[in-house]
There are 2 protein chains.
Amino acid sequence: MALIVQKFGGSSVADRDRIMNVARIVANTRAAGNDAVVVVSAQGDTTDDLIAKAGEITHNPSQREMDMLLSTGEQISIALLSMALSVVGCPSISLTGWQAGFHTNRAYTRARIKHLDTERIESELSRNRVVVVAGFQGINRYDDITTLGRGGSDTSAVAIAAALHADLCQIYTDVDGVYTADPRLVRCARKLNEISFDEMLELASLGAQVLNNRSVELAKKYSVNLEVRSSLTNVPGTIVKEVTDVEGMLIKGVAKDKDVAVISILEVPDVPGASFKVFSLMAQRRINVDIILQSSGKDGCKDVIFTVPLADVDAALAVLEENRSRFGCGEILADRSVAKVSIVGAGMQSHSGVAARMFEALFEANINIRMISTSEIKISVLIAEEDADRAVNVIHDAFLN
Amino acid sequence: MALIVQKFGGSSVADRDRIMNVARIVANTRAAGNDAVVVVSAQGDTTDDLIAKAGEITHNPSQREMDMLLSTGEQISIALLSMALSVVGCPSISLTGWQAGFHTNRAYTRARIKHLDTERIESELSRNRVVVVAGFQGINRYDDITTLGRGGSDTSAVAIAAALHADLCQIYTDVDGVYTADPRLVRCARKLNEISFDEMLELASLGAQVLNNRSVELAKKYSVNLEVRSSLTNVPGTIVKEVTDVEGMLIKGVAKDKDVAVISILEVPDVPGASFKVFSLMAQRRINVDIILQSSGKDGCKDVIFTVPLADVDAALAVLEENRSRFGCGEILADRSVAKVSIVGAGMQSHSGVAARMFEALFEANINIRMISTSEIKISVLIAEEDADRAVNVIHDAFLN
């Protein structure tokens, strides 16, 4: 007898047949002797439809009212799933975010969970019901409805699993697990049986969009066992947990991220504090700087080169140009035609030569490396965007075949 | 400076243009120096669409889950209207039923308001905001969402007006007031400037579907001034209030109701308690009996004849046949091809000859009267359904031309 939290995304509840399918999965979980809390997202295109309705009225809606509007999507899903569960003979009750006890801060459209009051969920579980909870939403201290932002339903599910000390938190999606690379890109990509939280975090932030990062961070913090699996096939997925087998795979995956651009500030006078000024400006504007390269100074000058998310390039250039006089620098350039390709694996900590093998594979494919960044479990290289898909394939061949 | 509650039905907020129209009406109310609380229903077909979604899954949904599902309709409306109000420069905030303080009993899909906690509404009004409230919904003592049933948004609006001692409660609809008869039926039907609560109640229960009866009862109980008016034209509507001018119109309207059937129990032994048994059976099954006719006894028998709502005929016949042995009666018959035509007016209390004038008009039109029922402010006749439209016209001519 275990307690299992199961989360189903929008495509898993998109229509009547999908909802009935989810009801059968949950009923099977119960029939196997487990308690279940089920977290669901809005159906298929519901959120987009609601955003379109708002867009007809204003392009600058109040964020509070957007949350009021969008939270109806999950509320529709939970009512329908609860009805479907009764059809398959499974007693259940649906709860909105506020009924389920999700208290958040007041940041509409991107709220953070402050506290989960589990009294109602636990009381319903003790009455032998499946509890169907609306993901993505909560209330703030003013009793106003908030939403958690992108991937919020994953976070809702992990928060419930953490608060209830659930045995497992299953994230059902339309892929059947975490792969060593994007299967659409790399033909021989393999599904992983296990991956560690840290590896998953690196993969997620590197563009492997299976699990929302906030949910993985939360799962790591509270040691929640996660499983990513498909709602369409009945096969085991990928378990995400604290420590995985060290034996076995040296690296867990290859990821690419095209949502990146390089900014080069040329001929910055080589005096103390020059880089500091640049990066404090970026921090003030909340622009995340990732890889940084600083050329060694010559003629009393150096070049400061760094990557930012593609969406922030214009803002970054604007603030740099505005403050150009403070640097006394030369040209400021941006290159948007780049991609970041990375390998991730806790195993590389104890193995030398991993970076060398990656660079060799790229060299043999005649792919030029522009920047390099490493962490304990990750190596990233910045290359031309046009080489990205080929790079993923040759690196995957070098490590995972 | 007055406080005005304004209620807009589903057709008034059906699409973007209609919502902007409502926003302008509300903004004008504010610009004239008034505070406003606005109650809205679900957009156009939203409720039907949600019912259809549930119907795809089960034909016997949990009523609690239906309320969870249907209450999203008004929540979408309030968010969109609040956005529209900001577009026309009118500060506002939307509140769901539970946020607005509607506490109901636990009768899902047909809940009754037990208590309205106005703290949040008053606090938002004091911040100089228009408060946009989701009609039709509340929560029960378990913190579960309930809905008020058909016409519930009218009731929500009147309840707010009563609790806040509002100066006026305007019910915006797609007709511009209460008419002396259905304008589609009677070409020279006239709009009334005023009508009393009692007259409105009689008209509503007689088939003039402008205002929900519960909302009129509530308005009468708490002396809320109501106005029925159109959201599409800017003309004064009909004021519903406690007492109207006695001078002027003898009767206020002619209504027909085709939702009625006659049940005849023939040859009931003429002993004490015979009628009691019949009507206590109807009461047990919660079937409303309206007009009752009992023939004078001859040969030791009498006929008991009465009307019931069309929807209850089969249930009434079934329970009577089941208990036939208790009456020792003859045939039990039902006639569904009847209609009730009524005149309503407080003025008839002080005028004799009203009934005679009505019957004369029907006689001259060669329309046979099967049953008659009178109250202080109403005279109803039961006639053949095929004569109903003609009857409304000749009676209207006799009194209102």
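A polar contact is a pair of N or O atoms within 3.5 Å; within protein, one must be able to donate a hydrogen and the other to accept it. In this predicted model, the side chain of Gln170(B) meets that criterion with the side chain of Gln6(B), at 2.8 Å. A further polar contact, of 3.0 Å, links the side chains of Gln170(B) and Tyr172(B). Gln170(B) is part of strand β9 of chain B, which spans residues 168–173. Its relative accessible area is 6%. Buried means under 20%, so Gln170(B) counts as buried. Leaving aside residues up to four places away in sequence, Gln170(B) touches Ile4(B), Val5(B), Gln6(B), Lys7(B), Glu227(B) and Arg229(B).

Strand β6 of chain B covers residues 130–134. Of its 5 residues, 5 are buried, so the strand is largely enclosed by the rest of the structure. Both faces of β6(B) are covered. Val130(B), Val132(B) and Ala134(B) are buried on one side, and Val131(B) and Val133(B) are buried on the other. Strand β2 of chain B, residues 35–40, pairs with β6(B) in the parallel sense over 4 bridges. Here Val39(B) stands opposite Val133(B). Strand β3(B) also runs parallel to β6(B), joined to it by 4 bridges. In that pairing, Ile93(B) stands opposite Val131(B).

The interface between the chains was examined next. Contact involves 39 residues of chain B and 39 residues of chain A. The size of an interface is often given as the accessible area lost when the parts come together. For chain B and chain A this buried area is about 3,200 Å², with 64% of it on carbon and sulfur atoms. Ile57(B), Met83(B) and Trp98(B) supply 22% of the area that chain B buries against chain A, more than any other three residues.

The chains share 2 salt bridges. One of them pairs Arg120(A) with Asp144(B), with the closest N and O atoms 2.8 Å apart. Four elements of chain B each give two or more residues to the side that touches chain A: α1 (16–31), α2 (46–57), α3 (63–87) and β3 (92–95). The largest share, 16 residues, comes from α3(B). By class, this side of chain B holds 22 nonpolar, 9 polar and 8 charged residues.

Definitions and conventions:
Residues numbered from 1 in each chain as written. Chains lettered and ligands numbered in written order. Predicted model: local features only at pLDDT ≥ 70, side-chain atom pairs only at ≥ 80, totals over all residues. Heavy atoms only, no water. Contact = heavy atoms within 4.5 Å. Buried area = accessible area lost by both parts, 1.4 Å probe. Salt bridge = Lys/Arg side-chain N within 4 Å of Asp/Glu carboxyl O. Nonpolar A, V, L, I, M, F, W, Y, C, P; charged D, E, K, R; others polar. Buried < 20%, exposed > 50% of the residue type's maximum accessible area, 1.4 Å probe, protein only. Pairing = 2+ DSSP bridges.
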